Amino acid sequence: MNLEQLKKPVQKFQNSSGVDSLLLCDKFAVWILILFGLVLLFGGLNNTVYFNQALYHFLFAALIWWLASRKPYNIIFEAVRFHYPVILIAIIHYDVGYFIPMIYGDNTTFDSVVRQWELALFSTHPHLHLHEMITQSFWVEVIHFFYLTYYPILIGSLTWIWLKRTDDFPRFAFVYIGMFFSFVIFFILFPVIGPLDYRVGLFEDKSVLANVVDLLFLIGAPDGAAFPSSHVGLSVGVFMLLRPMSRTVTVVLSICILGIGFSMIYASIHYAIDAFVGLIAGFLLFHTWNFVYRKIE
């Protein structure tokens with residue numbers, strides 16, 4: 001794909017009525033960042049870490065507003081313009097680890113409650129058994145690969161909509177952000193860590209990709225953001241947003257979503273009920289935020 005082909009969706013978007021409706025998404029994103037930033041600023045007074053985190057929110061809000069208010073002339077600016085939602089959800093996801101101590105203090109989780117719900121639903125804790133049933137290194141690698149497909153889905157879906165269905169990008173971005181915002185609010189109010197302690201040493205020397213997953217958790221996964229699974233929920237939302245799709249894309253995405261859910265349980269990253277409720281939450285939140293967008297539009 002050459003530069004002229006890349007410019008086509010930019011020009012199409014600039015000439016479409018989608019510009020005004022995309023501003024709904026931009027304003028929504030900016031307000032989320034400002035609101036969370038203010039809470040961090042005043043809730044963490046005399047705490048440099050909280051102050052710095054709030055500053056990042058305000059700076060990113062200013063960047064979004066600047067990108068939205070200028071007339072793009074550069075393909076690089078456009079790439080940032082149309083991909084900022086994935087950066088936004090990374091920032092507010094990281095906020096979970098800041099907000100929970102502000103509300104509950106340290107070391108407060110509802111894992112015991114979730115484990116009781118899981119036992120009532122499945123009569124067992126599946127994460128304790130699945131890794132004992134599948135022990136071959138090849139399959140350990142494949143299962144962790146499916147977990148990692150979550151990230152290409154998040155980024156690749158934005159790129160696909162930008163280049164192929166630009167007029168639908170305003171709705172896509174608004175629902176995309178709204179869904180994840182809902183998950184973050186629930187994580188803050190109902191913190192659950194998941195069975196991560198059980199995972200320690202479980203796949204040592206069995207998988208290269210397992211080490212990659214551990215590194216991702218070490219870099220930025222906040223404690224308390226396990227129930228329901230936003231990985232499953234947002235993947236389902238992306239699947240719904242991308243419709244209509246070809247049969248091949250539908251099958252591939254369906255396999256990836258099922259693989260993501262299974263991998264999190266198998267790898268003792270989430271409880272089985274996290275994935276199950278995430279599946280339901282993704283479906284309901286998609287319809288909720290899609291309805292909100294249609295009403296506001």
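The second largest pocket of this predicted model has a volume of about 280 Å³. A pocket is here an open set of points on a 1 Å grid over the protein atoms alone, where a 1.4 Å probe fits, with protein on both sides within 12 Å along at least five of seven lines, and its lining residues have an atom within 4 Å of a point. Grid points are joined across faces, edges and corners, and the volume is the space filled by probe spheres set on the points. Of the 13 residues lining the second largest pocket, Leu196, Arg199, Val200, Gly201 and Asp214 are the closest to its centre. Helices are DSSP runs of H or I with at least four residues, numbered from the N terminus. By class, the lining of the second largest pocket comprises seven nonpolar, two polar and four charged residues; Ala, Val, Leu, Ile, Met, Phe, Trp, Tyr, Cys and Pro count as nonpolar, Asp, Glu, Lys and Arg as charged, and the others, Gly among them, as polar.

Residues are numbered from 1 along each chain as its sequence is written. Because the model is predicted, local features need pLDDT of at least 70 and side-chain atom pairs count only at pLDDT 80 or more, whereas totals for chains, interfaces and linings use all residues, and side-chain values use heavy atoms, with hydrogens and water left out.

The largest pocket has a volume of about 580 Å³. Its lining consists of 26 residues, of which His93, Tyr151, Gly220, Ala221 and Pro222 lie nearest the centre. At least two residues of this lining are supplied by each of α4 (75-104), α8 (150-164), α11 (208-220) and α12, and the largest share, five residues, comes from α4. The lining of the largest pocket divides into 20 nonpolar, five polar and one charged residue.

Helix α4 also contains Val86. When residues up to four places away in sequence are not counted, Val86 touches Leu154, Ile155, Leu158 and Tyr176, where contact means heavy atoms within 4.5 Å. Between Val86 and Leu63 there are 23 residues in sequence and 14 Å in space, C-alpha to C-alpha.

Helix packing was examined next. Two packed helices are described by the angle between their axes and the distance between the axes. Axes are lines fitted to C-alpha atoms, for helices over the stretch in contact, and angles run from 0 to 180 degrees between N-to-C directions. The axes of α8 and α9 (residues 169-189) come within 9 Å and cross at roughly 155°. Helices α8 and α9 are therefore roughly antiparallel to each other; angles under 35 degrees count as roughly parallel, over 145 as roughly antiparallel, 65 to 115 as roughly perpendicular and the rest as oblique. The crossing of α8 past α9 is left-handed, a crossing being left-handed if the near helix is turned anticlockwise from the far one by less than a right angle, and right-handed if clockwise. Tyr150, Leu154, Ser157, Leu158, Ile161 and Trp162 of α8 make this contact with Phe169, Phe172, Tyr176 and Phe180 of α9. The residues of the contact between α8 and α9 are nine nonpolar, one polar and no charged.

Helix α12 (residues 230-242) packs against α14 (residues 272-296) at an angle of about 40°, with the axes 7 Å apart. This angle makes α12 oblique to α14, and α12 passes α14 in a right-handed crossing. On the α12 side, the contact involves Val232, Gly233, Val236, Gly237, Met240 and Leu241, and on the α14 side Ala275, Gly278, Leu279, Gly282, Phe283, Phe286 and His287.

In α12, His231, Val232, Ser235, Val236, Phe239 and Leu242 meet Thr250, Leu253, Ser254, Ile257, Ile260, Gly261 and Met264 of α13.

Backbone geometry was considered last. Most residues other than glycine have a negative phi, and most peptide bonds are trans. A cis peptide bond joins Phe227 and Pro228, with omega about -10°, and Pro228 is placed in the loop between α11 and α12. Arg243 and Pro244 are likewise joined by a cis peptide bond, with omega about -5°; Pro244 lies in the loop between α12 and α13 (247-266). Asn107, a residue other than glycine, has a positive phi near 65° and is found in the loop between α4 and α5 (111-122).
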